[in-house]
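Please look over the structure shown here before reading on. The report is meant for a reader who meets it for the first time.

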Amino acid sequence: MTQTPAPAISPITLHLLLGDLPGLATCLLGGGGQVLEWTEGAHALLGQGREEAVGRPIADLLRIPAESPLPLLGQRAETWSLLTRRDGSTFRAQLITLPVPEGHLLLMHPALGTPQPKEETVRELMELRQALDESAIVAITDAKGDITYANDRFCRISQYSREELLGKNHRIINSGYHPKAFFTNLWSSIARGHVWRGEIKNRAKDGSYYWVDTTIVPFLDASGRPWQYMSIRFEITERKRVEEALLEKQAELEERAAALARSNADLEQFAYVASHDLQEPLRMVSSFTELLAKRYKGRLDTDADEFIDFAMQGALRMQVMIQDLLAYARLSNTMEGTQRIHLEDALDAALANLSLAVKEAAPTIRRFPLPVVMGDLSHLTLLYQNLLANALKFRHPGRPLELTLGAEREGGHWRCSVKDNGIGFDPQYAERIFTIFQRLHSRAEYPGNGIGLAFCKKIVERHGGRIWVESTPNQGTTFLFTLPMDRSPS
Amino acid sequence: MSGLQPCEILVVDDNPGDVRLIQESLKDGRVPNRIHAARDGEEALAFLRRQAPFESAPRPDLILLDLNMPKVGGLEVLRAIKASPEWKTIPTVILTTSMGNGDIKGCYEAQANAYLVKPTDLGTFSEMLSSIQSFWLTLATLPVG
């Protein structure tokens, strides 16, 4: 029988000594990791008694996760691992193994800063998690982004089973919609320990997409480095769909408005060029028919005189129409920027310009106060002038003309009105009368070219307003138009 | 101006109708006149230089010049006239349909004697021509030679 030399301190003694230190669990392990000796400290910290522990593999006993195996390397080693108590609760602990002749001495102590939670705290946490799981899509990943936890909602929305998700990298649901920089920013933020919040488009297993409002919370270890991330998400697919539809609609509207503006500009340019160029040959027609009339009237026969007369009338009317068309086309170019103007000034100027016709018709004019608006004075004068000229022209032959002029505040604008008691017209023509060269009466009944109200419409629309008309035959007509309110500080 | 010698008026216009209207308007004028027509700027310069077929062309007493013409335009002709020591004293009146301020300014800068826009109706047109004639050929005193 050979004697082995005794060590300076018996490992058992050491083990027993350390076993009495508070907050420290120690045990002696055999070469295969089975428990040989179990201390009171271990009992206190972990709940398992000596009888229960001795003889069992330590990894089984404490349910040490496979990815953090206990270092039993025949030398001093350290690791961190999640340990499970007898009651099933877990905690992170630092593990140190020291080789001793009998096997390995294992020292376990809870991670600093993570005091052992009380039972109520644990329950409270469990309840909170349950509440979170009920309302949100929850996933937890490790530091590399591999999924370690997925709640039912996550499984449902992503259409993956929990088994399919666990251990997979979170990229499994990447939709490819966001640029690479988006995720680079996300990662650089959370890796530094910052909470990240944003909207992400993900792809479910069947290839369909869903949007989530996402908050990612990094969990930090004792050294401040994230060791896992929890993402809490809410589905916003429907909202996003509506938003996208709105954006699409808006872009479409903008495109259409731009196209309309282009075509309007083209049309004005066309009208200008056409009418200007038409004037030249027309001048020849009218001048030479006039010359014909001057020189040969009464020297041919009555037919010839009549024909020449028709030709002259036609040429003259066309000249007026071309000039009107030119003026109409030029209207938008002559609009100076809008400024604060008193609408009373526009009305006064219009009445002054029409003084002869006003004198002839001798109307009773009832004027209510008119506001200050944002507009172009010369154009608004023209507007009133055309509306008033209209009322003067179409007055009722059987009664004196009454005019009522006013303005009312309506929402963000002024609604102005010009009311008469004239001959009125069938309301079915209410739209048509604003069209250029459209007339409701023959030239013999009432002279005119059908340009005045087209001017009015263009002027009002150029001011961002709208014009319309209400009329009853034989009763009278009311023209109404809106103008933007003065928004400048007075 | 001598009543015996007719005034020589050069009308530069690509529209024969306008030339005819000017002729008709000046026909009954108080000042006897002779109208010479050039259909574009090139012809107008040939007329002034007495180049073929205008070898026997007289020196005009008045030039009525349209602006928009093929080949050499009115403004170029005006500049050529006002750059020439021989021609620059000839009253040169612009008679055009253009109301563009750029045209108006350009012509006065090039020393046009007047800028007139052709009226659209015959009556006014005739009156304008009579006025031109009476002002430049009767009222205004011009250098001799």
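The sections below go through the domains, the salt bridges, the surface patches and some points of the backbone.

## Model and domains

The structure is a predicted model, and the values given here should be read with that in mind. In chain A, the domain assignment gives domain 1 (11-110), domain 2 (119-235), domain 3 (242-333) and domain 4 (337-484). Between domain 2 of chain A and domain 4 of chain A, the C-alpha centres are 66 Å apart.

## Salt bridges within chain A

Side chains of opposite charge can pair when their charged atoms come close. Over all chains, the structure holds 34 salt bridges. One of them joins Lys205(A) to Glu164(A), with 2.7 Å between the closest N and O atoms. Lys205(A) is placed in the loop between β8 (196-203) and β9 (209-220) of chain A, while Glu164(A) belongs to helix α7 (residues 162-165) of chain A, so the pair ties together parts that are 41 residues apart in sequence. Lys205(A) is partly exposed at 44% relative accessibility, and Glu164(A) is also partly exposed, at 25% relative accessibility.

Another salt bridge is formed by Glu360(A) and Arg395(A), whose closest N and O atoms are 3.6 Å apart. This pair links distant parts of the chain, 35 residues apart, with Glu360(A) in helix α12 (residues 355-361) of chain A and Arg395(A) in the loop between α13 (377-393) and β14 (402-410) of chain A. Glu360(A) counts as exposed, at 63% relative accessibility, whereas Arg395(A) is partly exposed, with a relative accessible area of 28%.

## Salt bridges between the chains

A salt bridge also connects the side chains of Glu24(B) and Arg295(A), at 2.3 Å from N to O. The pair crosses between chains, since Glu24(B) is part of helix α1 (residues 16-27) of chain B and Arg295(A) is part of helix α9 (residues 237-296) of chain A. Glu24(B) is buried, having a relative accessible area of 9%, but Arg295(A) is partly exposed, having one of 31%.

Residues of chains A and B also take part in a network of salt bridges, which links Glu280(A), Arg283(A), Asp13(B), Asp18(B), Asp66(B) and Lys118(B).

## Surface patches

A nonpolar surface patch is made up of Leu292(A), Tyr296(A) and Leu300(A), which together have about 260 Å² of accessible area. Leu300(A) lies in the loop between α9 and α10 (302-334) of chain A, and its relative accessible area of 49% makes this residue partly exposed.

## Points of the backbone

In chain B, the peptide bond that runs from Ala52(B) to Pro53(B) is cis, with omega near 0°; Pro53(B) is located in the loop between α2 (41-49) and β3 (62-65) of chain B.

In chain A, Phe437(A) has a phi near 65°, a positive value in a residue other than glycine. Phe437(A) is found in the loop between β15 (413-420) and α14 (452-462) of chain A, where this residue is partly exposed at 26% relative accessibility. Asn474(A), in the loop between β16 (467-472) and β17 (476-484) of chain A, likewise has a positive phi, near 70°, and is partly exposed, with a relative accessible area of 48%.

Key: Residues are numbered from 1 along each chain as its sequence is written. Chains are lettered from A and ligands numbered from 1 in the order in which they are written. This is a predicted model: local features need pLDDT of at least 70, side-chain atom pairs count only at pLDDT 80 or more; totals for chains, interfaces and linings use all residues. Side-chain values use heavy atoms; hydrogens and water are left out. Domain bounds come from an automatic or database domain assignment. A salt bridge is a side-chain nitrogen of Lys or Arg within 4 Å of a carboxyl oxygen of Asp or Glu. Helices (H or I, at least four residues) and strands (E, at least two) are DSSP runs, numbered from the N terminus. Buried means under 20% relative accessible area, exposed over 50%, partly exposed in between (1.4 Å probe, protein chains only). Patches are made of residues with over 30% relative accessible area and no salt bridge: like charges are joined within 9 Å, nonpolar side chains (Val, Leu, Ile, Met, Phe, Trp, Tyr) within 5 Å. Accessible areas come from the Shrake-Rupley method with a 1.4 Å probe; for residues, only the protein chains shown count as cover.
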